[in-house]
Amino acid sequence: MEHLILGVGDVFGGTTLLWVAVGVSLGYVLGAIPGLGKAIGVAVSIPLTFYLEPVSALGMLIGIAKGSAAGSAVSAILLNTPGEPSSAPTAFDGYPLARQGKGQKALKMALFASVTGDFVSTIILILLAAPLARYALLIGPVELCAILVFSLVFIGGLSGNSLTKGLIAACFGIFFATVGLETETFVARLTFGYLELEDGISLVPMAIGMLAVAEMVVQAGNLNTLDRETANLRDSSDPRDRTVTQDELRRCAPVIARGTVIGTAVGILPGLGASVGSFLSYGETRRVSATPAKYGTGMIEGVAAAESADNAVVPSSLIPLFALGIPGSVIAAILIAAFILHGLTPGPLMFQQQPRMVAGLYVSMLCASAILLVIGLLGQRLFSQIVHVPLRLVIPGVLLFCCVGSFMETGSVFSIYIMLGFALLGFLARKLDFSFVTFLIGFVIGPKLELSFRQSLQLLNHDASNLLAHPIALLFLFAALVFVVLSGRATARRSGQTPPTTQENCNPKGGNQP
Amino acid sequence: MKRANAISGIFLCVFSIVMLGMVIPTQINAGPSGMMSPRLVPNMMMIGILLLSLPLVIRGLRKTPEYDAQDTASPISRAEMLALLRISGVFAASIALYELFGALVGASSLVILALLVLGERRPLVIVALTVVLLTGLWALFYKVLGTAIL
């Protein structure tokens, strides 16, 4: 409690609130631009925070994530083009509403649902992370190695359409994490004589390349479709079509509550991601509705269901990161770089070593939810104009920011080469359906996995039968095996069926996988 | 997608064999005796990629009754491939100009060339956007954040 009070003082005493508001606004704008999701927003903005106070910097980045999760509804509703796949169910009913001239009503409902989902999920993060972290401290290297293997298999299987491709992406991520000086022997690995690689490949240019630059290339290839959708936008002249009525709020309250619970639960499980949450919530709301056939024609409940779950995933996906040090989503993986840059190592020990900073972070997260509501209400009409800006004017600015962000990491053009190399890899991963989410998470947890693997080999005396003395590790390895078998069966069943068309109603140009 | 899977699977098989047979042995020393080899994890990952690529190749090459045009279609459209080539060209030119003339020319050329390859032809818009972006960056880093980026 004492730390919480100090955290409140830190947030309200300095410029932190201002930076959180900047982050939320920036995130909202980035989210509204098709193709620029929260992960891209956070990756590109990390260099902007180098010179801020740690709590301000982390609050701003989390503000960007929260703002863009809410902002992605703007392009989904107005253009039928979700900024991210997780907003695709929002477009199912949001876009028909916009075509009826009720775009502002849908945007307002999306904002209310987003803020509620986000706020409740943040509270659950605060309540759950520290108690879970206490148990995590009891985990040894053998158990940690097994948990990391299980997480990667789980994420690899769920963040794409193929477990095989997910595992290949994870292996690549871990492989690239081995570049640089090996920590035990100090032998240089795969540096090809470049001194710049001896410290390893930096996450910031890699993430910027894989997420932002690669996505801009995909968007550049689809410019005409987006421009056509933008030209068709019109608003109704009836004021009732631009506001949310009491009756609509009453009808949507249970839908938002359900979406929040689903989104929070999905966020806690590593790898499921916001798309699973929003689709599950939308599907469940439609299933329990008395008029399921009306969904897809402009039901405001559909917007509320999808957005509440989508936004609830963001804070709860930080629970495995805070409690175990394991990033459960791509946003958490990128945030690790920012946390470490600002002196906070995510994991169970952070609650003991830097409780004041954690408290400040929690307070700024709660403030970000409130700021999101205020900024959304005040600036929604303005932000919704952003979708009218042609993408050909947006892409050059994003590319310039990407270069500056990568350059700032090391002050060398070499970082831009790294960014471009991984941009090509990210483009191919998107188009060939290899999960770049799993790649990035594999890269982030690679050093920890290698260290715990080496320690485990020594602890087990290079004898697999000694694993019997570690039942928790055995349990996780067995769970990973069961997951592989079940995924294999599901893939075999799917290969005999027509491919699923869950997004057939919309036009998702965002390439971020869950 | 089946054909693309088969091609990417074959590429990954060849890549991992080359890494295992040539690159890793030459780029990573065996390390001191009595300690675990620094090659251990990179080798394990490449073996993993090799083993996982094989089913991709096999499934991609196997013809099924419902094998149709969708299976042989390229997952990358012509427009996307053109965009990739154009933006790569923009980066190549901008980096060359940066090395020759410095950051201002490099950054300006990145914005101007990107606008041109994306179809913007209005001179006023091109000049105005370039000036706004560069001035905005300067103001953000040098005035708001109070730091030099060069």
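Between them, chain B and chain A bury about 5400 Å² in the predicted model, and 81% of this area lies on carbon and sulfur atoms. The contact draws 65 residues from chain B and 61 residues from chain A. On the side of chain B that touches chain A, the residues comprise 49 nonpolar, 10 polar and 6 charged. Helices α1 (2-27), α2 (40-61), α4 (78-101), α5 (103-117) and α6 (123-144) of chain B each supply at least two residues of this side. The most is given by α2(B), with 13 residues.

Polar interactions were also counted across the contact. Chain B and chain A share 8 residue pairs in polar contact, both residues being at pLDDT 80 or more, and 2 salt bridges. One of these salt bridges pairs K431(A) with E80(B), whose closest N and O atoms are 2.8 Å apart.

The unreviewed UniProt entry lists residues 40-58, 90-118 and 124-145 of chain B under "transmembrane region". In the model, residues 40-58 of chain B are 100% helix and 0% strand, with the end C-alpha atoms 28 Å apart. Residues 90-118 of chain B are 93% helix and 0% strand, and the end C-alpha atoms of this span lie 11 Å apart.

Over all chains, the structure holds 14 salt bridges. Within chain A, D118(A) forms a salt bridge with K66(A), the closest N and O atoms lying 3.1 Å apart. Because D118(A) belongs to helix α6 (residues 103-136) and K66(A) to helix α4 (residues 54-79) of chain A, the pair ties together parts that are 52 residues apart in sequence. Both D118(A) and K66(A) are buried.

A salt bridge also joins R430(A) and E215(A), with the closest N and O atoms 2.9 Å apart. R430(A) lies in helix α19 (residues 413-432) and E215(A) in helix α9 (residues 203-220) of chain A, so this pair ties together parts that are 215 residues apart in sequence. R430(A) is buried, with a relative accessible area of 11%, and E215(A) is buried at 0%.

E184(A) forms a salt bridge with R454(A), the closest N and O atoms being 3.9 Å apart. This pair links distant parts of the chain, 270 residues apart: E184(A) is in the loop between β1 (180-181) and β2 (188-189) of chain A, and R454(A) is in helix α20 (residues 436-459) of chain A. E184(A) counts as partly exposed at 29% relative accessibility, whereas R454(A) is buried, with a relative accessible area of 2%. Salt bridges that share partners join E182(A), E184(A), R189(A), E450(A) and R454(A) into one network.

Conventions
Residues numbered from 1 in each chain as written. Chains lettered and ligands numbered in written order. Predicted model: local features only at pLDDT ≥ 70, side-chain atom pairs only at ≥ 80, totals over all residues. Heavy atoms only, no water. Contact = heavy atoms within 4.5 Å. Buried area = accessible area lost by both parts, 1.4 Å probe. Salt bridge = Lys/Arg side-chain N within 4 Å of Asp/Glu carboxyl O. Polar contact = N/O pair within 3.5 Å; in protein donor to acceptor, adjacent residues only side chain to side chain. Helix = DSSP H or I, 4+ residues; strand = E, 2+ residues; numbered from the N terminus. Nonpolar A, V, L, I, M, F, W, Y, C, P; charged D, E, K, R; others polar. UniProt positions renumbered as here; feature names shortened; annotations may be inferred. Buried < 20%, exposed > 50% of the residue type's maximum accessible area, 1.4 Å probe, protein only.
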